[in-house]
Amino acid sequence: MSSDDARWLAAAAAVAARARPLSRPNPAVGAIIVREGVVIARGWTQPGGRPHAEAVALAVAGHAAKGATLYVTLEPCAHRSERGPACADLVSASGLARVVIGCMDPDPRTAGAGLQRIREAGIAVDPLPSAEAEESLAGYLLSKGTGRPHVTLKLATSLDGCIALGSGESQWITGDAARAHVHAMRARADAILVGGGTLRDDAPRLDVRLPGLEARSPQRWVLTRAPAPEGWNALPSPDAIATMDGVQYLFIEGGAGAAAAFLAADLVDRLLLYRAPILIGSGLAAIGDIGLGSLAEAHRRWQRDAIRRLGSDTLEVYSRTRCLPA
C-alpha cells in the first residue's frame with residue numbers, strides 16, 4: 001500500500017465516525033473521492049442506514065467523479081433494496097478510474113461480489129486492508145463474525161483504583177473535561193449498560209448532555225435477571241449480549257460487579273480508564289473478582305493504544321490484542 005493510499009483510507013475512516021451511531025442498523029462507512037491529490041467529495045452513511053457513504057460522495061462529486069479515485073472503508077454493497085440501488089452499481093456507472101477498499105464486506109450478500117461487479121465495469125479495484133478502516137467498523141465486523149456487539153468498558157478511578165469512598169460517595173472523582181469526554185463516548189454508542197446495584201443506588205440518567213448531541217443518547221440497559229424499569233432494557237447475563245437488537249456498540253459504565261462480569265466472560269474489547277490525581281484509600285474497588293487463578297493470567301489481552309490529559313485527569317485507552325474476525 002502506498003503512503004497516499006494509506007493516508008486517504010485513514011481519512012475515509014475519520015469521515016466514517018460522523019455516521020456513528022446514527023447509521024444503525026447499517027455500518028458506519030466513510031468514503032472520499034480524490035483527484036490529483038485533492039478531495040472533491042466526502043460521504044458517510046446517513047441516519048437510518050441510507051443513503052450509503054458511496055452514494056452520498058458520488059452525488060456530491062457529480063461529473064467530477066470521472067477519472068477520480070474513490071477511497072471507501074467497506075466494500076460497496078452488491079445487493080439492491082427497496083431503499084436504494086446497490087452501491088456497486090452506482091460506482092460502476094460513475095466513471096471513476098479506481099476504487100480503493102479498506103475492508104472487505106463479510107455480509108454474504110456482498111462478500112466480494114461488489115468488488116467483482118466494479119471490476120467488470122472496467123474500473124480498477126484495489127482491496128488494501130487498512131487498520132483504521134477495520135477499527136472504524138469494529139462493531140459491524142464483530143457482529144458479523146461473532147454475533148455480538150463491540151464492548152467498551154469505562155472506568156473512572158482514583159490513582160489507587162477506587163471508584164467511590166467506602167460510604168459509596170462517588171460524585172465526582174473525575175473533573176469536568178473527563179466527564180464531557182464520557183458524554184462524547186456515549187454519543188458514539190448504540191447502547192449503554194450499568195449493573196443492577198448502580199441503577200438502584202445512583203438512578204443514573206445515562207444520557208448525552210453535550211450541546212447538539214442530546215438526540216444521540218443511547219438505549220439504556222441494566223444487567224439484571226429482574227424485570228427492567230420503564231425506559232430500560234434488561235440483560236440477564238453478559239453472554240446474552242448477542243440478543244441485543246440493532247446494537248453494534250455497547251458502552252459499559254458500571255459498577256464494579258458489571259465490569260467484573262464482562263471481564264470474567266472475556267467480552268470486553270476496549271477499556272477507557274479515566275484516572276483522577278487523588279487517593280482514596282479504603283474505598284470501593286473499580287472491578288470485582290474476575291476469576292483469575294494466577295497472576296500469570298493477568299498478563300494477557302491488553303495493550304495500551306493511547307494516553308491523553310483531560311484537564312487534571314488522565315485517560316488511558318486499552319484494546320484487546322486479538323485480531324478482529326476476517
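The model is predicted, so local features are described where pLDDT is at least 70, side-chain atom pairs count only at pLDDT 80 or more, and totals for chains, interfaces and linings use all residues. Residues are numbered from 1 along each chain as its sequence is written, and side-chain values use heavy atoms, leaving out hydrogens and water.

The protein contains 9 helices and 15 strands; helices (H or I, at least four residues) and strands (E, at least two) are DSSP runs, numbered from the N terminus. Its C-alpha atoms fill a box of roughly 70 × 45 × 40 Å along the principal axes. Of the 326 residues, 48% count as buried, where buried means under 20% relative accessible area, exposed over 50%, and partly exposed in between (1.4 Å probe, protein chains only). Among contacts (heavy atoms within 4.5 Å) between residues at least 6 apart in sequence, 72% join residues at least 24 apart.

Next comes an open sheet of 5 strands, arranged in the order β2-β1-β3-β4-β5 with mixed pairing; two strands pair if DSSP finds at least two bridges between them. At its edges lie β2 (38-44) and β5 (124-127), each pairing on one side only. From one strand to the next, the twist averages 15 degrees. For such angles, axes are lines fitted to C-alpha atoms, for helices over the stretch in contact, and values run from 0 to 180 degrees between N-to-C directions. Strand β4 (residues 98-101) pairs with β5 in the parallel sense over 4 bridges, and Val-100 has Asp-126 in β5 as its bridge partner. Helix α1 (residues 3-16) packs on the sheet, touching β1 (30-35), β2, β3 (69-72) and β4, and its direction makes about 140 degrees with that of β1. Helix α4 (residues 113-120) also packs on the sheet, where it touches β4 and β5, and its direction makes about 155 degrees with that of β5.

Which residues of strand β6 are buried? On one side they are His-150, Thr-152, Lys-154 and Ala-156, and on the other Val-151, Leu-153, Leu-155 and Thr-157. Because 8 of the 8 residues of β6 (residues 150-157) are buried, the strand is largely enclosed by the rest of the structure. Strand β6 runs parallel to β11 (residues 249-254), joined by 4 bridges, with His-150 opposite Tyr-249. It also runs parallel to β12 (residues 270-275), through 6 bridges, and here Lys-154 stands opposite Leu-272.

Helix α9 (residues 256-264) has Ala-258, Ala-259, Ala-260, Phe-262 and Leu-263 buried. These buried residues pack against several strands, including β6 and β11. Just after α9, Asp-266 takes a positive phi of about 60 degrees.

Finally, the cysteines. With a disulfide taken as a pair of cysteine sulfur atoms within 2.5 Å, the count comes to 0. For Cys-77, the nearest cysteine sulfur, that of Cys-87, is 3.9 Å away. Cys-77 counts as buried at 4% relative accessibility, and Cys-162 is buried with a relative accessible area of 4%.
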